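Visitor: Can you walk me through this one? I'd like quick answers.

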Amino acid sequence: MTDSEIAANWRAVVARVAEAARAAGRPPSSVAVLAAIKTQDLARVVAALDAGCRIVGQNRAQELTALAPDVERERPGLAETHFIGGLQLNKVNAVLRYADSVQSVDRDALAEKLSRGAVDRGRDLGVFVQVNASGEESKGGVAPGDAVAFASRVAALPGLVLRGLMTIGAHSPDPNVVAAGFRTMQRLSAELTASGAPGTAGAHELSMGMSADMDVAIAHGATMVRVGTAIFGPRGGTHPREGDQTWHAR
Ligand SMILES: *Cc1c(COP(=O)(O)O)cnc(C)c1O
């Protein structure tokens, strides 16, 4: 994949997102595109940034730590960095050094450790509560029935700014199954922002949709899609990697 191919892919993704937004009666500016950069090297990430990308998402603490300083050196202050993978407690401090937001908050112990780390650093951390709307075992996230109560607890923690909810779409060839999960998320998001719990009124972000299902997600209210393959091409590899919740045996 050359730099110009990455740039062309970026433009195609932005056009696809705009089209899906318009079809849903929403302005294209209401949907942000996060580039999922797992396994990509510095040159490819810089190519995506130069094409117009401004939010990058990383799955593994080790890759984040290795790449983020180089990205910052090459394009200072350009990219907002999100952590989107499964997060172990012993990796929290490494992630806090480089991430502006963490999208995979799915348990109290993790939220509390992120909160303490953010307070220690005298900074705010954006957080999304991950919901396992599909119920698939390979995926992290709280059960839909627990999402609003858990998100309300997270929003009350010092140092954390609740931005909204995140999910990974069902791994199903049936578009109705995929859409049902996104519809659940849309309902939970509305419940959360209307809950009246402190810190939830502005938590309107809905991070859902990837290369294969971003159009369906946008039709159901996604405000941020997370896109890897459609920008960088297929990743290859046949084994799951730490933090990757999207891997499925074929
Ligand atoms: C890899 C990844 C994506 C992007 O997946 P593609 O199918 O390559 O677009 C989105 N979200 C998460 C959490 C990921 O790990």
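This is a predicted model: local features need pLDDT of at least 70, side-chain atom pairs count only at pLDDT 80 or more; totals for chains, interfaces and linings use all residues.

Visitor: Where is Ala 66 found?

Guide: Ala 66 is found in helix 3. Helices (H or I, at least four residues) and strands (E, at least two) are DSSP runs, numbered from the N terminus. Residues are numbered from 1 along each chain as its sequence is written, and side-chain values use heavy atoms, with hydrogens and water left out.

Visitor: Noted. Is Ala 66 buried or exposed?

Guide: Ala 66 counts as exposed, at 53% relative accessibility. The cut-offs: buried means under 20% relative accessible area, exposed over 50%, partly exposed in between (1.4 Å probe, protein chains only).

Visitor: How far apart in space are Ala 66 and Ala 197?

Guide: They are 38 Å apart, C-alpha to C-alpha. In sequence, 131 residues separate Ala 66 and Ala 197.

Visitor: Switching to the ligand. Which residues come nearest?

Guide: Lys 38, Asn 59, Ser 211, Thr 229 and Arg 235 come nearest, out of 14 residues around the ligand. Near a molecule or strand means that one of the residue's heavy atoms lies within 4 Å of it.

Visitor: Which side chain has an N or O atom 2.9 Å from a ligand nitrogen?

Guide: That is the side chain of Arg 226.

Visitor: And what about the ligand oxygens?

Guide: One oxygen atom of the ligand is 2.8 Å from an N or O atom in the side chain of Arg 235. An oxygen atom of the ligand is also 2.9 Å from a polar backbone atom of Gly 228.

Visitor: How much of the ligand's accessible area does the protein cover?

Guide: On its own, the ligand has 380 Å² of accessible area, and the protein covers 95% of that. Accessible areas come from the Shrake-Rupley method with a 1.4 Å probe; for residues, only the protein chains shown count as cover.

Visitor: Pockets next. How much space lies in the second largest pocket?

Guide: About 210 Å³. A pocket is defined on a 1 Å grid over the protein atoms alone, as an open set of points where a 1.4 Å probe fits, with protein on both sides within 12 Å along at least five of seven lines. Lining residues have an atom within 4 Å of a point. Points are joined across faces, edges and corners, and the volume is the space filled by probe spheres set on them.

Visitor: Where does Ala 79 lie?

Guide: Ala 79 lies in the loop between helix 3 and strand 3. Ala 79 counts as buried because its relative accessibility is 19%.

Visitor: And strand 3 itself?

Guide: Strand 3 covers residues 80–83 and holds His 82. His 82 is buried, at 0% relative accessibility. A polar contact of 2.7 Å joins the side chains of His 82 and Glu 80. Such a contact is a pair of N or O atoms within 3.5 Å; within protein, one must be able to donate a hydrogen and the other to accept it, and residues adjacent in sequence count only if both atoms are side-chain atoms.

Visitor: Last one. Which residue other than glycine has a positive phi?

Guide: Thr 39, with phi near 70 degrees. Thr 39 is found in the loop between strand 1 (32–36) and helix 2 (42–51). Thr 39 is partly exposed, at 36% relative accessible area.
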